[in-house]
Amino acid sequence: MRWNLDPAHTSITFSVRHMMVATVRGSLNLKEGFVETDESGKPLRVEARLDARSIHTGVADRDNHLRSPDFLDAERYPEIVFRSEKITPLGEGRYRVEGELTIRDVTRPLVLEVETSGPIKDPWGNERLAAHFEGKLNRKDFGLTWNMVLETGGLLVGEEVRFSVDAEVVAAREAVGA
């Protein structure tokens with residue numbers, strides 16, 4: 001069964017250390033995506049496309065810098081793409097999702113821990129599921145290497161990026177012939 005990710009009910013947030021002492025948080029928007037499940041509801045495949053130009057931290061100058069070639073180079077690479085390769089059940093609606101993440105045309109392995117809930121019927125008769133994904137990556141693995149060394153020897157921008165996704169998916173409706 002195919003389930004479409006609902007961009008209006010999906011949030012993608014991230015956090016990065018700033019100057020070794022604080023944490024900066026931000027978000028990205030989902031463009032589109034889907035989950036495929038078997039008859040029992042076990043996920044078989046996940047794919048998501050994020051809008052790199054949508055990065056938002058609440059500070060316009062920082063957001064523009066993150067969109068620049070120093071970081072995401074969002075004009076040249078407007079999408080961030082995740083595709084699963086292996087999904088392992090961990091019990092009680094939890095899964096380990098192994099896949100590939102592509103940022104700036106660089107593809108690297110990524111592991112996500114996922115917790116699911118549902119399905120439920122919404123007030124309009126649609127079947128929905130929800131999932132919470134968590135993971136982390138080293139931004140340098142994707143060519144995001146811009147940084148400044150502080151007087152104390154630390155880095156202005158941390159290399160580890162932690163992120164979480166709260167997603168709703170809605171069952172795709174079958175096309176009906178005329």
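**Labels and their grounds**

Guide: β7 and β8 form a hairpin with five residues between them. In that turn, G125 has a positive phi of about 90 degrees. Keep in mind that this is a predicted model.

Visitor: How do you know that β7 and β8 pair?

Guide: Strands pair if DSSP finds at least two bridges between them. Seven bridges join β7 to β8, residues 127-138. That meets the criterion, so they count as paired. The two strands run antiparallel. I120 stands opposite R128 in β8.

Visitor: What makes β6 and β7 a pair?

Guide: The criterion is at least two bridges. β6 (residues 94-103) and β7 (residues 106-121) have 10 bridges, in the antiparallel sense. Therefore they pair. T102 has T107 in β7 as its bridge partner. These strands also form a hairpin, with two residues between them. R104 in the turn has a positive phi of about 55 degrees.

Visitor: What makes the approach of D122 to W124 a polar contact?

Guide: A polar contact needs N or O atoms within 3.5 Å. A polar side-chain atom of D122 lies 2.9 Å from the backbone nitrogen of W124. That distance is inside the limit.

Visitor: Now the charged residues. How do you know that E36 and R45 form a salt bridge?

Guide: Side chains of opposite charge can pair when their charged atoms come close. The cut-off is 4 Å between nitrogen and carboxyl oxygen. For E36 and R45, the closest N and O atoms are 3.3 Å apart. So the pair counts. The whole structure has 16 salt bridges.

Visitor: Why are R49 and E47 called buried?

Guide: Under 20% is buried. R49 has 18% and E47 has 14%, so both labels hold. Their side chains meet in a salt bridge at 3.5 Å, N to O. R49 and E47 also belong to a salt-bridge network with K31, E32, E79 and R83.

Visitor: R76 and D73 form a salt bridge. Which of them is exposed and which is buried, and why?

Guide: R76 has a relative accessible area of 60%. Exposed means over 50%, so R76 is exposed. D73 has 7%, which is under 20%, so D73 is buried. Their closest N and O atoms are 3.7 Å apart.

Visitor: Why is M148 called partly exposed?

Guide: Its relative accessible area is 47%. M148 lies in the loop between β8 and β9 (157-171). M148 and M19 are 129 residues apart in sequence and 9.4 Å apart in space, C-alpha to C-alpha.

Methods
Residues are numbered from 1 along each chain as its sequence is written. This is a predicted model: local features need pLDDT of at least 70, side-chain atom pairs count only at pLDDT 80 or more; totals for chains, interfaces and linings use all residues. Side-chain values use heavy atoms; hydrogens and water are left out. Helices (H or I, at least four residues) and strands (E, at least two) are DSSP runs, numbered from the N terminus. Buried means under 20% relative accessible area, exposed over 50%, partly exposed in between (1.4 Å probe, protein chains only). A polar contact is a pair of N or O atoms within 3.5 Å; within protein, one must be able to donate a hydrogen and the other to accept it, and residues adjacent in sequence count only if both atoms are side-chain atoms.
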